[in-house]
Protein chains: 2
Amino acid sequence: MGGPVMSQLVLKSDRIITPQGEVSGFVEIRDGKIHAITESYLGDYLDYTGKTLMPGFIDIHIHGWGRGSYAYKGNIESLRYMSEDLPKVGVTAYLPTTSTMPNDFLESSLLAAKEHIGEYRPDMGAEPIGIHMEGPYINKAYLGLQREDSIQQPSIEGFDHFNQLAGNQVKLMTLAPEIEGSLPLISHLRDKGITASAGHTAATFDEITAAIEAGLQHFTHAYSGMRGFHHRELGVVGALMYYQDTFAEVAKQTGITVKPEAFDILYRLKTDNRMVMMSDCMGYADFPDGYEFYHYLRKETFIVEGGKLHLKHDDGSVKTVDPCCYQEVAGLEMNYLESVRAVVDRLDHGLCSVAKIACENPAILAGASDRKGKLATGMDADILVLDDELNLVDVYCHGVKQPL
Amino acid sequence: MGGPVMSQLVLKSDRIITPQGEVSGFVEIRDGKIHAITESYLGDYLDYTGKTLMPGFIDIHIHGWGRGSYAYKGNIESLRYMSEDLPKVGVTAYLPTTSTMPNDFLESSLLAAKEHIGEYRPDMGAEPIGIHMEGPYINKAYLGLQREDSIQQPSIEGFDHFNQLAGNQVKLMTLAPEIEGSLPLISHLRDKGITASAGHTAATFDEITAAIEAGLQHFTHAYSGMRGFHHRELGVVGALMYYQDTFAEVAKQTGITVKPEAFDILYRLKTDNRMVMMSDCMGYADFPDGYEFYHYLRKETFIVEGGKLHLKHDDGSVKTVDPCCYQEVAGLEMNYLESVRAVVDRLDHGLCSVAKIACENPAILAGASDRKGKLATGMDADILVLDDELNLVDVYCHGVKQPL
């Protein structure tokens with residue numbers, strides 16, 4: 001990571017969310033890192049009294065956001081847009097997430113991510129801290145929005161080739177553990193310190209059990225795209241409910257994909273220690289020209305034509321947006337901050353819980369817990385300043401204030 | 001309840017399971033009730049040092065056991081057999097449980113239960129403390145082993161007629177809340193202090209929500225005979241997982257009807273405070289002569305013929321038993337004590353948890369918590385003496401030692 005040497009910066013707040021709970025004091029930032037959190041400080045500081053400081057959100061499952069759609073454009077421009085637009089919704093680090101796409105496209109996508117990770121500077125916005133590959137080793141029986149024609153057979157060689165193109169930046173892989181070749185790959189991922197996650201999978205409970213023994217740690221968009229729960233064949237949902245040490249992620253809480261009560265049940269079982277928030281956002285505005293696709297949950301057809309995005313709803317209504325205008329495209333999808341707002345009152349410990357499920361836990365799964373995910377000495381100064389209504393007052397990436 | 005005046009009896013143990021945890025001391029029994037639990041006692045006592053004293057199990061869902069099948073014979077003899085045979089498996093009180101049967105049979109069954117409740121003396125065995133009506137107000141879509149031809153439309157008048165025949169001894173009613181007429185009946189049951197429970201039901205999550213608002217408190221054989229869980233339509237299973245104040249019962253843990261891991265998930269959500277054990281035993285040996293029925297979970301055909309019971313397994317094997325010999329019939333079904341043994345190591349607090357889910361909670365649902373379900377002053381002296389392997393050493397009903 002390049003960039004200029006950062007000057008010292010000190011932030012004062014009476015509500016700093018740390019792993020030890022809420023504290024009052026000063027966050028000293030030097031060279032983009034948290035140098036110390038202290039009760040008193042003699043010198044100049046920025047006074048955020050009355051505001052909350054918490055770690056920036058980490059989105060480990062995000063195909064696109066705002067003006068960029070990495071999964072569908074697969075180029076560095078889409079990633080630059082995403083990095084630039086993500087701090088506006090509280091995300092300070094993310095894993096650009098591929099989709100199950102044709103092999104050539106997937107390969108060039110991985111090259112683009114490697115390049116953007118290499119060029120990243122804090123003044124570019126949120127940091128790409130690696131790559132999440134969603135597929136291509138998935139089960140067509142639980143395809144969701146993935147492409148069936150692009151599913152591949154799991155293999156260690158295939159993965160190593162992808163990861164080499166990616167400059168060894170793959171941090172998380174979503175796969176179907178029941179497909180032949182997946183178990184050795186899961187063990188291989190474990191050996192390389194890469195998180196294996198079950199998703200788009202028809203696995204039985206016993207198949208998930210075997211995968212966990214091989215190294216599976218996580219479940220991609222819990223409940224969705226997986227064999228459901230039954231009391232005699234617990235399926236993937238039963239396995240993620242049962243295995244308490246595994247993580248489970250949920251996407252933005254619109255109430256459409258997963259009912260709030262289903263979120264609550266999962267949260268009670270996983271607790272702050274194993275629940276993970278993510279957005280699964282797509283960046284519809286940046287879909288390729290000529291693209292047309294039907295979203296069965298939104299009941300809308302997305303049509304990209306002549307530099308505009310048209311959304312035709314089943315009810316006949318059409319909405320058209322300008323893909324280059326962030327303000328116009330931002331409302332297309334529920335964003336990370338809105339998702340946090342939607343659940344915070346149902347969590348056990350408010351923003352302290354949010355700091356676990358939206359920051360600390362995703363940092364662990366992204367292999368970045370040594371530098372991301374909490375406000376503590378030595379961590380990157382990725383900091384959100386929030387008012388009482390959880391509006392963003394300021395956002396810092398590596399101590400650099402971002403335009404909102 | 002008649003019977004002679006009981007003499008005083010004092011039991012000593014270094015492990016007495018009380019609502020306050022395990023204590024060491026003396027249980028003083030007078031006139032069939034626990035007079036006191038004290039640290040010291042001057043006088044004669046029975047020394048159970050090295051053994052555990054705990055409250056007797058209460059089975060709130062039991063159609064038959066040993067040599068008696070109340071649900072299928074419906075007569076007082078079947079109930080006398082059950083009362084006599086239940087202490088042998090640790091059950092000291094129970095709710096004879098009807099099934100969805102033809103109206104005439106159901107009515108005479110209720111009269112028989114009323115009569116047996118009236119005649120009961122502690123030397124007859126386990127106490128019938130009321131009646132559980134499973135049906136006839138159920139949904140044929142989740143019939144299980146109930147009879148479709150005997151399903152009735154729920155009505156307050158219909159229930160009141162049943163309960164009048166039963167001498168107002170109905171304590172628990174299993175019904176399908178989504179059937180027209182159920183909601184007013186649930187409110188009526190609440191007003192009368194009778195527990196309404198959802199079972200054999202296709203209800204949606206919202207229909208269960210409405211039923212809980214009307215007074216529904218409990219779920220009959222959780223997971224089985226009810227609409228399953230899905231994250232967009234949570235169904236009855238999602239509702240019992242979600243609503244933390246409701247009780248949920250599970251039958252004997254054979255691993256056939258409900259996987260152990262599904263039990264664990266439910267237990268984590270319900271905790272000791274809302275989980276309930278029961279047996280759902282049938283008393284196959286006492287089925288009417290000429291009876292033939294296929295048990296789809298056991299994969300066996302039960303045939304009663306010429307005073308004998310033949311069990312034909314799908315694999316071709318046949319087993320024949322003498323219905324009048326307790327030792328021969330006892331092995332036909334997993335019993336309450338075996339169910340407890342099957343789960344005790346997976347509970348949070350061993351036998352203290354068992355005392356909640358097998359004694360205290362069922363006493364609440366049976367409307368008998370003022371006199372049953374725990375070892376405490378003023379409670380009926382229904383006491384199990386167990387060795388370290390959870391074998392029954394002695395069983396007391398109202399302070400009367402039962403033949404084992």
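The model is predicted, so local features need pLDDT of at least 70 and side-chain atom pairs pLDDT 80 or more, while totals for chains, interfaces and linings use all residues. Residues are numbered from 1 along each chain as its sequence is written, chains are lettered from A and ligands numbered from 1 in the order written, and side-chain values use heavy atoms, without hydrogens and water.

Q: Which strands of the open sheet in chain B stand at the edges?
A: The open sheet of chain B has 4 strands in the order 17-18-19-20, with antiparallel pairing. Strands (E, at least two residues) and helices (H or I, at least four) are DSSP runs numbered from the N terminus, and two strands pair if DSSP finds at least two bridges between them. Two strands have a single partner each, so one side of each lacks a neighbour in the sheet: strand 17 (292-295) and strand 20 (318-321) of chain B.

Q: Which residue in strand 20 of chain B does Lys312(B) stand opposite?
A: Strand 19 (residues 308-313) of chain B pairs with strand 20 of chain B in the antiparallel sense over 4 bridges. Opposite Lys312(B) stands Val318(B).

Q: Are helix 5 and helix 6 of chain A roughly parallel or roughly antiparallel?
A: Helix 5 (residues 182-191) and helix 6 (residues 205-214) of chain A pack at about 30°, their axes 8 Å apart. Axes are lines fitted to C-alpha atoms, for helices over the stretch in contact (heavy atoms within 4.5 Å), and angles run from 0 to 180 degrees between N-to-C directions. Angles under 35 degrees count as roughly parallel, over 145 as roughly antiparallel, 65 to 115 as roughly perpendicular and the rest as oblique. Helix 5 and helix 6 of chain A are therefore roughly parallel.
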